[in-house]
Amino acid sequence: MEERGTTTGARDRSAAETAPAGGGRSRRVERIMSAVNREPLTAPHRTRNDAVLALGVAVLAAAITLTGSEGTRPDHLSWMLLLAGHVPLVWRRRSPLVALLGVVACMAPYYAFDYNPALPAPAIVLALYTVAATGTVRRTLLTGAAVLVPTLISNGLTNQDGALESLEISGWIIAVLFIGIAVRYYRLYVASIVERAERAERTREEEARRRVAEERLRIARDLHDLLAHSITLIGVQTSVAAHVLTADPERLDRKAVAQALDDIAGTCRIARGELRTTLEVLRADDTVGGADADPGSGSGSVSGPDAMRGPLPGIDGLPGLAETGRLAGAKVELSVRADGIPPSVGAAAYRIVQEALTNAVRHGGREDLTVRVGLWTADGALRVSVRDDGTGGGGGPSDGPPGFGLIGMRERARSVGGTLDAGPGPAEGFEVTATLPLSLADEAR
């Protein structure tokens, strides 16, 4: 991993060193677009940037004043009004309306003294644009009316022949306001896109975490069912072999010992095969969702609960479970009256019966233990019943803390939308009953 990371870093540095000059232009364009899309009221360093902008507009107006010849020549009053009219622009984004009123208050006397009318235009346009780009449409329209009406009235009283000039001024003001409104809605649109993208990214991360948790729970259930069942049977069969060896050493029943050892070896082979299958599934999941997967896709590291798991155990494997229970010394009576069971429901039923048999054999507490296993369909559901006539509780080992058997069985039932009850039987022993709906499993398929 370190060698790969070093190689990747070197490749990135090499690409950066050999990148054409267009890359720098692209970054500049991205920064410009980021500044355009940024919400003006929350932009960083807005007062400093606005002060620089106001100074630049004032310098432009002063340069035009010194080189222009239209209107009355500038004097001290015109310079004072012109420069003072640019000062409120420093706070144009912090208080747009106040800045506009400050600009108008300084520029109105400027126009009244018939100074060059084009010089204050950039400051007024900038203030109007800021009001439109940072406020609501209603406020923008009211501001435009408040600026247009006095302007038209004043121009009509002082220049009755300048109708075309009045229309030109009105057109510019309306255009600036509509540009500000368009920019505001564009920024809102970009902000909504960014918000949706961030929400989608959070959803993908949450989904990935949820699927990881589900996969870990599934693996824990599978390993528990496999190991608990196999180890319990091996323990019981070992006890049988030990009993045969110690019961009457002088009359050793070699056939019984050999049978017990063969049963242990068979159980080990079955457990080893199931464990190998589980590990192969995990390795396949890691190959599919590992290094070649997109880390941002939300589906790279974990596959679905049933993805690439191979053939699921089903009710057709129940006779094998019954036989292992008989090898462990219990009398197992199996009755199956169901067909056409969906694979997911069949797998859940198989694991429930497996765990119930394991608990019965482990905690039955008697040599002539009888376990009755029944499966049948009724009212659109598969019914599962496992009942023993033992003396133990069936919920966990009597000499240690409670295990996860009953919890695992309930999770198996819930995984297909079913329910499970476990407790003492009506007369004696322990009973596990489950109802597994078939309709939900059909829809899931």
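This is a predicted model: local features need pLDDT of at least 70, side-chain atom pairs count only at pLDDT 80 or more; totals for chains, interfaces and linings use all residues.
**Setting**

The protein chain holds 13 helices and five strands. Of its 445 residues, 36% count as buried. Contacts between residues 24 or more positions apart make up 69% of those with a separation of 6 or more.

**Exercise 1. Find the buried face of helix 4 and what covers it.**

Step 1. List the buried residues. In helix 4 (residues 76–84) they are Ser 78, Leu 81 and Leu 82.

Step 2. Look down the axis. The buried residues fall within an arc of 95 degrees, so they line one face of helix 4.

Step 3. Recall the helix repeat. An α-helix has 3.6 residues a turn, so residues three or four places apart point the same way.

Step 4. Check the other side. There, His 76 and Met 80 are exposed.

Step 5. Identify the cover. Helix 3 (46–67) and helix 5 (96–112) are among the elements over the buried residues of helix 4.

**Exercise 2. Describe how helix 3 packs on helix 4.**

Step 1. Two packed helices are described by the angle between their axes and the distance between the axes.

Step 2. Read both values. The axes of helix 3 and helix 4 come within 10 Å and cross at roughly 155 degrees.

Step 3. Classify the angle. Angles over 145 degrees count as roughly antiparallel, so helix 3 is roughly antiparallel to helix 4.

Step 4. Assign the hand. The crossing of helix 3 past helix 4 is right-handed.

Step 5. Name the residues that meet. Helix 3 contributes Ala 58, Ala 61, Ala 62, Thr 65 and Leu 66. Helix 4 contributes Trp 79, Leu 82 and Leu 83.

Notes: Residues are numbered from 1 along each chain as its sequence is written. Side-chain values use heavy atoms; hydrogens and water are left out. Helices (H or I, at least four residues) and strands (E, at least two) are DSSP runs, numbered from the N terminus. Buried means under 20% relative accessible area, exposed over 50%, partly exposed in between (1.4 Å probe, protein chains only). Contact means heavy atoms within 4.5 Å. The arc is that of the directions from the helix axis to the C-beta atoms. Axes are lines fitted to C-alpha atoms, for helices over the stretch in contact, and angles run from 0 to 180 degrees between N-to-C directions. Angles under 35 degrees count as roughly parallel, over 145 as roughly antiparallel, 65 to 115 as roughly perpendicular and the rest as oblique. A crossing is left-handed if the near helix is turned anticlockwise from the far one by less than a right angle, and right-handed if clockwise.
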